Amino acid sequence: MIKSSHEFKSYGERMFGAKMKILLILLFFVIIGLLFYTAFYNTSFLSGDIIKISYKNTPSSIAINTKLNIPEFNLKQEIGKIEINLIGSKGELIFGDEAFSLSKMNQHYLVLENFKGNFFFNDDKILVLDGKANKVILDGFDVSSEIGRRREVKLTQQVSYSSLNLNNLFLDKLSYPCSGKIIFGAEKSVLNTENYKTLFNDFNGSIKIHNNEMNLNGNVESIKISGEESILVK
Amino acid sequence: MPTKKIIGNKKKKEKKKLNHLKIKSTRKVYIPFYFMIIIILGFIFFIKITGRELNKTALILMIVFIVLILKLTEIHRFSNSYEIGDSSLICSKGILTKNIKRIDYFAISDINVHQGLLQRLLGFGDVIVSLFSFDEATKIKNINNPEELALKIEKAAIALRGIKNDKIIS
């Protein structure tokens with residue numbers, strides 16, 4: 001075996017040594033694994049939004065549970081899961097290249113997972129549902145053919161609903177004239193509002209709408225109620 | 001004749017160029033790493049055309065990976081250079097700090113060529129220059145056409161020895 005006498009290792013050789021090569025190979029497999037996993041199984045894994053939500057869920061946030069009136073929502077964002085009980089249905093649900101008629105039955109149960117797009121609704125109707133979702137379940141049947149792929153989803157017409165659940169939701173600001181009850185923590189403090197303009201800052205949690213009542217369940221950074229006297233809960 | 005002179009000068013220049021042949025390691029040695037970049041870019045292209053979600057973290061890691069590979073391979077390549085001179089083989093290492101080794105052709109005892117499987121497939125290899133005075137050898141790593149280089153060093157060494165021998169005889 002011939003030994004090399006030129007033992008001096010240059011900066012380049014030291015930088016691109018065996019350890020660095022192993023590190024680069026490992027990094028390559030990590031990137032491929034991450035791309036593969038997020039593309040085929042879980043799109044929201046380690047995405048910016050998850051990081052944002054976890055960042056907002058700081059120890060200083062307040063746990064709330066509300067029973068309030070329903071404002072008109074114009075959401076243009078990502079929502080982890082949407083569950084809707086549609087009634088008196090008309091129009092079509094379009095998912096990818098397929099269209100599902102909603103006029104065959106009077107009631108439909110629709111679930112959208114990892115939704116991203118426009119979701120506008122008021123206390124009675126879904127006004128706009130137009131975006132992309134990973135998984136769509138209509139009346140118990142999973143109509144999404146490919147796992148992990150986000151495809152276009154749309155309601156062609158405004159549809160009434162009886163109940164609505166939005167899970168894994170982050171709202172940086174929600175402000176409207178509130179009427180109802182805001183319960184803090186483990187039901188130790190209750191705040192009643194009567195048509196006072198209320199601002200919820202950095203809400204992170206779920207919204208349930210049922211029987212003309214909105215239940216915000218999650219954490220907020222602060223709540224500001226502007227009435228005869230302003231109240232700030234932090 | 002002026003035309004003959006020009007041709008003569010060109011020949012001299014070519015001869016001089018051959019005598020001072022500068023060699024760098026081939027980029028072929030980094031082909032496995034370039035291939036990794038192609039695989040990642042291909043995978044991203046597939047994700048985009050199939051409408052799947054492209055993970056932001058993976059995208060950042062990918063950019064870091066590509067920059068690292070391109071930077072490190074180029075630094076690595078530029079840190080080693082070899083020169084076949086009139087009387088010696090010059091091996092220089094380093095970019096900021098330099099380590100230059102001159103191997104006199106008189107001191108060369110053997111020249112070996114080594115090619116692994118990948119090196120043989122891609123047409124590059126190592127030239128190992130052994131010296132009389134040492135048990136060890138100097139490795140000229142990852143050179144295109146290593147046999148040709150070995151032959152050039154051998155020719156240069158033989159030519160120099162021939163001149164010296166002639167001088168001794170006279």
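Select strands S11 (residues 189-210) and S13 (residues 222-226) of chain A: the two run antiparallel and are joined by five bridges. The coordinates belong to a predicted model. Within this pairing, pick Thr198(A) and look across to Ile225(A), its bridge partner in S13(A).

Together S13(A) and S14(A) make a hairpin, with three residues between them. To find one of the facing positions, show Ser226(A), which stands opposite Ser230(A) in S14(A).

**Aromatic pair in chain A**

Next, show the rings. Eight aromatic pairs are counted over all chains. One of them is formed by Phe73(A) and Phe121(A), with 4.8 Å centre to centre and 20° between the planes, and is stacked. Colour by secondary structure to see that this pair links distant parts of the chain: Phe73(A) belongs to strand S2 (residues 73-87) of chain A and Phe121(A) to strand S5 (residues 107-121) of chain A, 48 residues apart.

**Helices H2 and H3 of chain B**

Move to chain B and select helix H2 (residues 31-49) and helix H3 (residues 56-78). Their axes come within 10 Å and cross at roughly 155°. At that angle H2(B) and H3(B) are therefore roughly antiparallel to each other. The crossing of H2(B) past H3(B) is left-handed.

Which residues of H2(B) and H3(B) make the contact? On the H2(B) side, display Phe33(B), Tyr34(B), Met36(B), Ile37(B), Ile40(B), Leu41(B) and Ile44(B). On the H3(B) side, display Leu59(B), Met62(B), Phe65(B), Ile66(B), Ile69(B), Leu70(B), Thr73(B) and Glu74(B). Coloured by class, the residues of this contact divide into 13 nonpolar, one polar and one charged.

**Helix H2 of chain A against H3(B)**

The axes of H2(A) and H3(B) come within 10 Å and cross at roughly 155°. H2(A) and H3(B) are therefore roughly antiparallel to each other, and H2(A) passes H3(B) in a left-handed crossing.

For the side chains, show Met20(A), Leu24(A), Leu27(A), Phe28(A), Val30(A), Ile31(A), Leu34(A) and Leu35(A) in H2(A). They meet a set in H3(B) made of Thr57(B), Ala58(B), Leu61(B), Met62(B), Phe65(B), Leu68(B), Ile69(B) and Leu72(B). The residues of this contact divide into 15 nonpolar, one polar and no charged.

**Helix H2 of chain A against H2(B)**

By class, the residues of the contact between H2(A) and H2(B) divide into 17 nonpolar, no polar and one charged.

**Four-stranded sheet of chain B**

Turn to the strands of chain B. Four of them form an open sheet in the order S1-S2-S3-S4, with antiparallel pairing. Strand S1 (21-24) and strand S4 (99-104) are the edge strands, each pairing on one side only. From one strand to the next the twist averages 15°.

Zoom in on S1(B) and strand S2 (residues 80-84) of chain B, an antiparallel pair joined by four bridges. Here Ile23(B) stands opposite Tyr82(B) in S2(B).

**Three-stranded sheet of chain B**

For the last stop, select the open sheet of three strands with the order S5-S6-S7 (chain B), where the pairing is antiparallel. Strand S5 (108-114) and strand S7 (137-144) of chain B stand at the edges with a single partner strand each, so one side of each is left without a neighbour in the sheet. Direction ignored, neighbouring strands of this sheet are turned by 20° against each other on average.

Finish on strand S6 (residues 124-131) of chain B and S7(B), which pair in the antiparallel sense over six bridges. Select Ile128(B) and look across to its bridge partner in S7(B), Lys139(B).

Conventions. Residues numbered from 1 in each chain as written. Chains lettered and ligands numbered in written order. Predicted model: local features only at pLDDT ≥ 70, side-chain atom pairs only at ≥ 80, totals over all residues. Heavy atoms only, no water. Axes fitted to C-alpha atoms, helices over the stretch in contact; angles between N-to-C directions. Parallel < 35°, antiparallel > 145°, perpendicular 65-115°, else oblique. Left-handed = near helix turned anticlockwise from the far one by under 90°. Contact = heavy atoms within 4.5 Å. Nonpolar A, V, L, I, M, F, W, Y, C, P; charged D, E, K, R; others polar. Pairing = 2+ DSSP bridges. Phe/Tyr/Trp six-rings, centres within 6.5 Å; stacked < 30°, edge-to-face > 60°.
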